[in-house]
Amino acid sequence: MALRFSANLSWLFPELPALPARLEAAAAAGFGAAEAAWPAGCPAQALRAAAERAGVRIALLNTPPGDPEAGELGLAAVPGREAAFREGLAAAVQYARAVGCHRIHVMAGRVPLGADRAAVAGEMETTFIENLRYAADLLAQENMIGLVEPINNRITDPRYYLNTPHQAAAILEKVGRPNLKLQLDLFHCQIMDGNLSRNLDTYFPLIGHIQIAQVPGRHEPDSPGELNFPYIFELLESLGYTGYVGCEYAPKGDTLEGLGWLRSYWESRGLQHGGTSKAAK
């Protein structure tokens with residue numbers, strides 16, 4: 001079965017100012033789904049209306065980052081911020097419900113400024129596990145899936161708490177909730193661990209969402225870099241992956257012009273523009 005791709009509106013179509021306009025551009029480019037980080041400044045009604053007009057599903061949203069001016073990027077693993085985490089989670093659930101989204105990335109957050117990572121690791125894990133259990137129970141009431149994403153601390157974010165799929169899998173096991181899954185961004189995974197074929201096979205039962213970008217530039221999959229995406233796409237197909245593949249990369253130029261890799265993928269699978277079967281037309 002051919003893969004389904006989701007346009008990450010926080011990264012793609014930066015030439016357009018607002019999420020609804022980016023969503024409509026994604027639909028015109030052939031995407032059937034879109035995702036975004038915390039959609040600050042975009043009312044849920046506006047995004048839902050744009051999605052309904054365009055026939056695009058909202059596949060993924062994040063929990064709020066916390067206080068960006070204080071250097072926060074998520075709160076779920078940050079000791080002392082439990083109340084703010086719960087407030088942000090409630091807002092994310094309300095927004096997701098309003099736009100028809102069923103997956104929420106529960107952002108772990110950063111090691112506090114001035115703290116030694118090793119010294120606070122135990123306390124942060126305990127906080128993360130307790131908050132994830134709370135989140136899973138709340139999300140279950142809405143028939144939603146919670147996701148945790150390892151973010152590399154070698155290039156992207158030196159202070160981010162959750163770094164590797166191994167760490168994420170161990171935490172998910174301790175949490176023990178079936179509606180919590182692994183969000184595996186292959187960009188971060190390659191930087192931290194490589195070994196993508198084995199990691200995809202090993203963690204496949206836990207994966208609830210995949211994201212892609214070339215390494216190290218974080219540009220289009222067919223830009224120069226370390227990853228062989230035609231092979232990776234074939235591997236995901238062979239594993240039977242049926243979720244969305246989120247396109248979370250920085251276009252090198254015009255977003256639409258940079259989507260040649262996606263048009264080539266559809267053509268190689270005998271699909272029309274937008275990934276629909278030619279036989280269905």
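Student: Which residues is Q211 in contact with, leaving aside its neighbours within four places in sequence, and which of them does a polar contact join to the side chain of Q211?

Tutor: This is a predicted model, in which local features need pLDDT of at least 70 and side-chain atom pairs count only at pLDDT 80 or more, while totals for chains, interfaces and linings use all residues. Residues are numbered from 1 along each chain as its sequence is written, and side-chain values use heavy atoms, with hydrogens and water left out. Q211 is in contact (heavy atoms within 4.5 Å) with N8, E35, L60, E149, Q183, L184, D185, L186, G246 and E248, its neighbours within four places in sequence being left aside. A polar contact (a pair of N or O atoms within 3.5 Å, one able to donate a hydrogen and the other to accept it; residues adjacent in sequence count only if both atoms are side-chain atoms) of 2.7 Å links the Q211 side chain to that of E35.

Student: Is Q211 buried or exposed?

Tutor: Q211 lies in strand 7, residues 207-212 (strands are DSSP runs of E, at least two residues; helices are H or I, at least four; both are numbered from the N terminus). Buried means under 20% relative accessible area, exposed over 50%, and partly exposed in between, with a 1.4 Å probe and protein chains only. Q211 has a relative accessible area of 1%, and therefore counts as buried.

Student: Which residues of helix 1 are buried?

Tutor: The buried residues of helix 1 pack against strand 1 (4-8), strand 2 (33-35), helix 2 (44-54) and strand 3 (57-62). Within helix 1, residues 19-28, the buried ones are L19, P20, R22, L23, A25 and A26.
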